[in-house]
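Open your viewer, get the selection box ready, and let's take a walk through this structure together. Each stop tells you what to select next and what is there.

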Amino acid sequence: MAKVGVYVCHCGSNIAGVIDVAAVRDFAESLPDVVVARKDLFMCSESGQEMVKQDIRDGLVDRVVVAACTPRTHEPIFRAAIEKAGLNKYLFEMANIRDQGSWVHGHDPEGATEKAKKITASAVGKARNLEPLEDKFVPVTDAALVIGGGIGGINAALALANMGHKTYLVEKQPSIGGIMAQLDKTFPSNDCSACILTPMMVEAYSHPNIETLAYAEVEDVSGYIGNFKAKIRQKQTYVDWSKCTGCGDCTEKCPAKAPDDFNCGMSDRRAAYIMFPQAMPKKAVIDIEHCLNCAGREIGTLPKVNEKTGRPILAPCERACTAEAISRTIAHNPQGAIKEIEVGSIIVATGYQVMDKGWFKEMAPASPNVVTALQLERIISATGPTEGKLLRPSDKEKPHTITFISCMGSRDEHFHNHCSRVCCMYMIKQARLIKEKYPDMAINMHFIDVRAGGKGYNEYYVGARNLGINFFRGKVGGLEMLPDDKLRVLAYDSDTQSNIEYESDLVVLATAIELPKDATVLAQKLGLQFCGSNFFRELHPKLGPVETATEGIFLAGCCQGPKDIPNTVSQAKAAAAAAAAPLAQGQVRIEAVISEVHPEVCSGCGICIPLCPYHAINMITYADRPRAQIEMSACKGCGVCTSACPSGAIVLHGYEESQIFAQIEALTA
Amino acid sequence: MIIDQKKIDEAISTIVGYGGHGMLNCVQCGACSAVCPGVKAGFPLLCRNLIRHLMYGQLEEIIEDSSSWGCQACNRCTEVCPQGVRPQEVVFAFRRYQANQLAFSTSSVTSQMNLYETGHAVYTDPREARKRVGLPEQTPTSAFDDQAKKEIQTLINNSPMGELGLF
């Protein structure tokens, strides 16, 4: 016969402020198999835990029920406590009389007390039927995968590599660097973005523990913490990267043009291109969609021969390449190649995109002089379309009045309710850079309010006011296109409660940060969830900011929510620390609360297989017939298969039939 | 309201030139106006709102407003300002601008004439009241001291006030 001990927690006034704790304790004492019932101000305190341990050591109890708060935060604490006292940690059950009692029935203390009694009785019913269970351990692959080669991914990969773990850094573009590589300078120190980023790119690319897979995308991921298998598609570059020296000769000779994404479409690049001057790896890629197949040089065909000279007629890119890295005779597979890797943990650092100006019909998106802030970043960057000269797009003239408009698509229920967090600061940065260079330029900034909450940020903002940059409180309502490519700004100033208006030469929209569309596809491959503002959901907003619901998969940077460079780097290093933990331990613990198939009962119908959200079930042959089998390290113990099995062949340890029926019986008594 | 950078620059250089050095630090939080007795008394263009209009280059538009003369120079605004704007100095700078443009309010002209003639900005004839309570009719101040009056007038005549040619 089980000897159940019940311990009721006051949780200060959290529980006792509503529920009659003494009454619950008295009631618990009357339940079958309960040998002792106690109460304490804080059961999770040292003295509270000691009370339980002492009862176990005295041989008084061999099943423990704590009626307190949520098992999500406190079950591990009590399980550890009873294990220390020599009891199997699964001989423990929690009754959540706080979240399900006092917190939700504060208006009805009597009812809440009665409910607490029922919840406690239910837990006791289950505890009487609990059986000891054992955790299992599986070995891990000592390697990590970092998806995304921006400043977040680079930092995460470097941190892991410096801890001695083999790390794969996968980047979909031909170069690592991400959006930070597109920025001119960075707030609040006005550091040149490339100057601080490039050394990190070099360090990551040349690190002996990092294998950079640029121009590659994650095709598929299977497995579980410690033992993931990933398929990486290395996209076709049409250039032999083992020979390419990054000289750029092919890009000069290539006659085909395509919009340059790196310059946000404000200039053209060639079909054969190197992403940007500091690219890492600095390798050329042929964008086959825009390639003209010069000289009839379709990929995988033999060249025509010049009848006079007898020499083959090659395409300009082939001729230009002295390193012989380009040969259009080779039948390159347009699908590229698949590389299969095995890793123990995965960090997702896929970054963000900014909204296009086309979404904002009231902001004259048809005007070339209305640009997004990222476009302005390229305009003022030395590697941008104007080589750093501030010229407005319509006529390449220097503007005299510039307008900045905040919260375009952020804090706006038509688009995104979230604050994009970095816009206030980068607008101020751009305004400062321009005002410092051209003090006579009029810069008008329109804000709902200025959010400058970071180290050194407010000082930076006040400094902008000191430079003579004009700040207006209130969002711009609309822009009107004027005949001379100017824009009339129609705004409101809530400080003076008056409408304001003026003509502007260049208008900059701080468009919202959002998750790129292709991130949704990746989420499906990795089983990631989304939060309310449609970024990847972390395990816990405060206490699990880098973890996800899937063990072994972690988040860093803007894919988890908008953040600036310091926060992205911090999160990346935190994610690396978390991702290194299983690698460093060499094995991962598999909790015992998982499902198991009794093969002798299983009919092999296979209903459970598509239902399993973790792809943990497969078919094996048992006694010459097909039977389901659950991979214990992939199982999360959700119980879907157990409840669906028509033969009752699947048992979920820790939630067995006898235990659940005992709970129902207690609740309906 | 039309926003014109030239007017903004002119307003800022004028106010800074007259001593309102901290004006550009202002973030429009309104703490100054919250403690300003002039604002409480109903003067619309003091502290935050005065600075806001100046930041928009509205110098000429508000030149005739008499609010600035309602400033009691208590300096509480300077104590509470989180940005070191010293709003009172901005108010005084605006006053200096107004005075130099001879844009005085009636009340302030009276005070200044009183100051010039009696040495008191606020002056009422005290003699009858003093006699009633048994004091000497004449106060022991500049009002009844020709030498002191003369010295005060000399000081005023030789100050920027004298250059305005009011007296």
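Start with two helices: helix 1 of chain A passes helix 5 of chain A in a right-handed crossing. Helices here are DSSP runs of H or I with at least four residues, strands are runs of E with at least two, and both are numbered from the N terminus. A crossing counts as right-handed if the near helix is turned clockwise from the far one by less than a right angle, and left-handed if anticlockwise.

Before going on, a word on what you are looking at: this is a predicted model, in which local features need pLDDT of at least 70 and side-chain atom pairs count only at pLDDT 80 or more, while totals for chains, interfaces and linings use all residues. Residues are numbered from 1 along each chain as its sequence is written, and chains are lettered from A and ligands numbered from 1 in the order in which they are written.

**Stop 1: two helix pairs in chain A**

Select residues 21–29 and 109–128 of chain A, which are helix 1 and helix 5; their axes come within 9 Å and cross at roughly 35 degrees. The axes are lines fitted to C-alpha atoms over the stretch in contact, with angles running from 0 to 180 degrees between N-to-C directions. Show side chains for A:Ala23, A:Val24, A:Phe27 and A:Ala28 on helix 1 of chain A, and for A:Thr113, A:Ala116, A:Lys117, A:Thr120 and A:Val124 on helix 5 of chain A, as these make the contact. Two residues are in contact if their C-beta atoms, placed from the backbone, lie within 7 Å. By class, this contact has 6 nonpolar, 2 polar and 1 charged residues. Ala, Val, Leu, Ile, Met, Phe, Trp, Tyr, Cys and Pro count as nonpolar, Asp, Glu, Lys and Arg as charged, and the others, Gly among them, as polar.

Now select helix 2 (residues 46–57) and helix 3 (residues 71–84) of chain A, whose axes come within 9 Å and cross at roughly 35 degrees. The crossing of helix 2 and helix 3 of chain A is right-handed. A:Gln49, A:Val52, A:Lys53 and A:Ile56 of helix 2 meet A:Ala81, A:Ile82 and A:Lys84 of helix 3.

**Stop 2: all of chain A**

Zoom out. Chain A has 17 helices and 34 strands, and its C-alpha atoms fill a box of roughly 100 × 75 × 40 Å along the principal axes. Of its 669 residues, 46% are buried, where buried means that 20 or more other C-beta atoms lie within 10 Å of the residue's own, exposed means 12 or fewer, and partly exposed lies in between.

**Stop 3: the cores**

Which residues touch the most other members of the largest nonpolar core? Select A:Val146, A:Ala156, A:Ile347, A:Val348 and A:Ala575, within a core of 156 residues. A nonpolar core is a set of buried Ala, Val, Leu, Ile, Met, Phe, Trp, Tyr and Cys residues joined through C-beta atoms within 7 Å. Helix 14 (residues 565–585) of chain A supplies the largest share of this core, 9 residues. Center on A:Val348 and find its contacts, among them A:Ile147, A:Leu526, A:Phe536 and A:Cys559. A second, separate core of 46 residues includes A:Val8, A:Ile19, A:Ala95 and A:Ala112.

**Stop 4: a covered helix**

**Stop 5: chain B**

The contact between the chains takes 14 residues from chain B and 16 residues from chain A. Helix 1 (5–17) and helix 4 (47–55) of chain B each supply at least two residues of the chain B side, and helix 1 of chain B gives the most, with 3 residues.

Color chain B by domain 1 (5–100) and domain 2 (106–159); their C-alpha centres lie 30 Å apart. Finish at B:Pro140, in the loop between helix 8 (127–132) and helix 9 (146–157) of chain B. Is B:Pro140 buried or exposed? B:Pro140 is exposed, because 8 other C-beta atoms lie within 10 Å.

Methods
Domain bounds come from an automatic or database domain assignment. Lists of a residue's contacts leave out its neighbours within four places in sequence.
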